[in-house]
Amino acid sequence: MAQPLAFILDVPETPGDQGQEPSPYDESEVHHSFHQLIQEQSQWVAQEGLELQQREQEATGSGQQTLRRPEGTQSTATLRILASMPSRTIGRSRGAIISQYYSRTVQLRRRSSRPLLGNLVLSARPSLRLYDLELDPTAREEEEKQSLLVKELQSLAVAQRDHMLRGMPLSLAEKRSLREKSRTPTGKWRGQRGGGGVFSCCGRLRYACVLQALHSLGLALLSGLQALTPWRYALKRIGGQFGSSVLSYFLFLKTLLAFNALLLLLLVAFIMGPQVAFPPTLPGPAPVCTGLELLTGAGCFTHTVMFYGHYSNATLNQPCGSPLDGSQCTPRVGGLPYNMPLAYLYTVGAGFFITCITLVYSMAHSFGESYRVGSTSGIHAITVFCSWDYKVTQKRASRLQQDNIRTRLKELLAEWQLRQSPRSVCGRLRQAAALGLAWLLCLGTALGCAVAVHVFSEFLIQSPEAAGQEAALLVLPLVVGLLNLGAPYLCRVLAALEPHDSPVLEVYVAICRNLILKLAILGTLCYHWLGLRVAVLQGQCWEDFVGQELYRFLVMDFVLMLLDTLFGELVWSRIISEKKLKRRRKPEFDIARNVLELIYGQTLTWLGVLFSPLLPAVQIIKLLLVFYVKKTSLLANCQAPRRPWLASHMSTVFLTLLCFPAFLGAAVFLCYAVWQVKPSSTCGPFRTLDSMYEAGRVWVRYLEAAGPRVSWLPWVHRYLVENTFFVFLVSALLLAVIYLNIQVVRGQRRVICLLKEQISNEGEDKIFLINKLHSIYERKEREERSRVGTTEETAAPPALLTEERGD
């Protein structure tokens, strides 16, 4: 260990001879390594030697030798080595930074083409008048390096120059100074300066005004784009006052709004737009609107583009009335061929396919943001030191940012406290027993609600009095809405009796229970619509009835939500609880129940797209009203959660629930209706077919008879659409890609864990080496002191003899 340690201790105390400044075109001389940067800083370390020697003199009195000692009690050489480490020297000197980045710019310029000497600016060439011989050599050397860096930056492209300046660990003022010095005029101005001309005052003023106007225009456009973001200020305010858990509900509502807007755009462009352009002939006079249609969807809304029965089964190239015998219309030859049954079927299918891709992409993106690979463990320090946005200048925006940072710190500290306080074994047993009892009661409630809906729907089918009244159509949606409204309150009472440690777990359990309730009720309703109603409504347009039923469920869900917000939050919390019961605390925002209401409404929308193409527009209006109603009620009637918690994975959970139970269930429902259920013979675009899917086969037969020019389209339909092998192959490839991505993520996490362990081991190795060096230094110092003491003792007798002789 002696030779390696001696090599480590060989640190120069004075800088080497710098010599003549190397040429910028000599890469071997220009390259600066970390070792050279450390040598440039050794003089600064030597100036601090007096202070280090004072610390050493304080520590020499103690003869104890320890394996690990603090840095303040170590010797001068050890502290000098520690101060010369790259992690402590880099960033200390601006000259070292400029020298390092100067070498980088030389390498970048070497990769690109070398500019001609004629294109160089005259002011960039070195001049003897710029040198001051009386300056400090260190400052003069730093200025020379800065001038070389400026010249190298001028030779780079604008993008490379900005990237290089952005990466320099310098202050904003120094970066701005380097940018101004390295900025070269372009176009006409470069030619004028290259020819020896000088900017005139008017030219400079005009150039500055144009740049300022363009800069102001760009800032105005960016501000306008940010202002167009829906509910930007409202979301920041909600996140700052109530935390990320409540904010996740409103972000999820915004995501649902985007899904419905995308689906509505396709339906309007390819189904409703062509049908409005070529309206069919109505079978009779249009009924008079009474106002009750806004709740029932029947009456004058029946013969509109809102429902399935209004759409024609013809090729929409001319106005064509529906024939009495139910046969397909025969358009004129030479018109625009737009097959309405085919467009209706494939537009709905394409809308579901695009929605599926968008939903899966959103879920994957949210998963990547929530479960970030290699996420740092120092999130508290990052939140404290790196969360503030220094571009904020307004008081309102700064106040919102303060609220956001404070709420996030509360959430992080609450999550850390949950990890530090585990529950005992007896407590876990009591918690498991309470959870099991609550789950049994909740499952029994969901089963009872499903049975009640089934019995009541059969009663409505068998009662002929209720079938003839339009107001009686609202009875089943009202009963289902009341069950959906009352059962979650029962689950909430049971959740209050459970000893949950984590508020996140409490929300997840409430979401699962409400989800089971919604799925049981929706499954019963789907059987009621496609099983019982289709058998009862033989000879009638059962598709219109199903579309109107789903419209009534959607409207009734919105009405009951408004009533619950008004009486449950406003009247109870503000009037009864605060004024009568004298309670100071406001109720908390129920995230689980409100999120499941959104998922329930979106599921109704997807179920009714085939029977009511305008239902996404109704859902968009409902979501807009829900956002403003919930935001007003939240700010006025609710308080922040008593136990703050970090909702880092809530958006991913919401999108997952929206994808698999909701979207997948709606897709299965529509596939069964398209492939298995026979359409009505009196209305709709599929009135003459045995199934809706047969419209594609009819089109393929028409193409086969049209000629050999389009013979490839039937082949594509037969082998890519109807063939199940292709579907299984695509599904297998998708599953393989998902599996490979999961394995890649696991491998990355494993490698990151190994790298973190290696970094920790390297730190331990450095501490071990430093402690060994410290022990060697102390042994050498003791040997030197003992040698000096021995020398003084041997030199003392001759001195005494000379004194005696003198006497």
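The model is predicted, so local features need pLDDT of at least 70 and side-chain atom pairs count only at pLDDT 80 or more, while totals for chains, interfaces and linings use all residues. Residues are numbered from 1 along each chain as its sequence is written, and side-chain values use heavy atoms, with hydrogens and water left out.

Let's start inside. A search of the whole structure turns up 4 cavities of 30 Å³ or more. Here a cavity is a set of points, on a 1 Å grid over the protein atoms alone, where a 1.4 Å probe fits but cannot get out; lining residues have an atom within 4 Å of a point. Points are joined across faces, edges and corners, and the volume is the space filled by probe spheres set on them.

The largest cavity has a volume of about 120 Å³. Its lining counts 13 residues, with Gly481, Asn484, Leu485, Asp557 and Leu560 nearest the centre. Helices H20 (475-496), H22 (542-580) and H23 (591-608) are the elements that give two or more residues to this lining; helices are DSSP runs (H or I, at least four residues), numbered from the N terminus. By class, the lining of the largest cavity divides into 8 nonpolar, 2 polar and 3 charged residues. Ala, Val, Leu, Ile, Met, Phe, Trp, Tyr, Cys and Pro count as nonpolar, Asp, Glu, Lys and Arg as charged, and the others, Gly among them, as polar.

The second largest cavity holds about 60 Å³ of space. Among its lining residues are Tyr249, Asp557, Asn594 and Lys622, and H22, H23 and helix H24 (615-637) each supply at least two residues. This lining has 4 nonpolar, 1 polar and 4 charged residues.

Now for the rings. There are 19 aromatic pairs, where rings of Phe, Tyr and Trp (its six-membered ring) pair if their centres lie within 6.5 Å; planes under 30 degrees apart are stacked, over 60 edge-to-face and the rest tilted. Phe250 and Phe627 form an edge-to-face pair, 5.5 Å centre to centre with 90° between the planes. Phe250 lies in helix H13 (residues 232-277) and Phe627 in helix H24, so the pair ties together parts that are 377 residues apart in sequence. Both Phe250 and Phe627 are buried (under 20% relative accessible area, 1.4 Å probe, protein chains only). Ring pairs also link Trp231, Tyr249, Phe250, Phe589, Phe627 and Tyr628 into a cluster.

Technical notes:
1 Å grid on protein atoms, 1.4 Å probe; cavity = no way out; pocket = protein on both sides within 12 Å on 5 of 7 lines; lining within 4 Å. Buried < 20%, exposed > 50% of the residue type's maximum accessible area, 1.4 Å probe, protein only.
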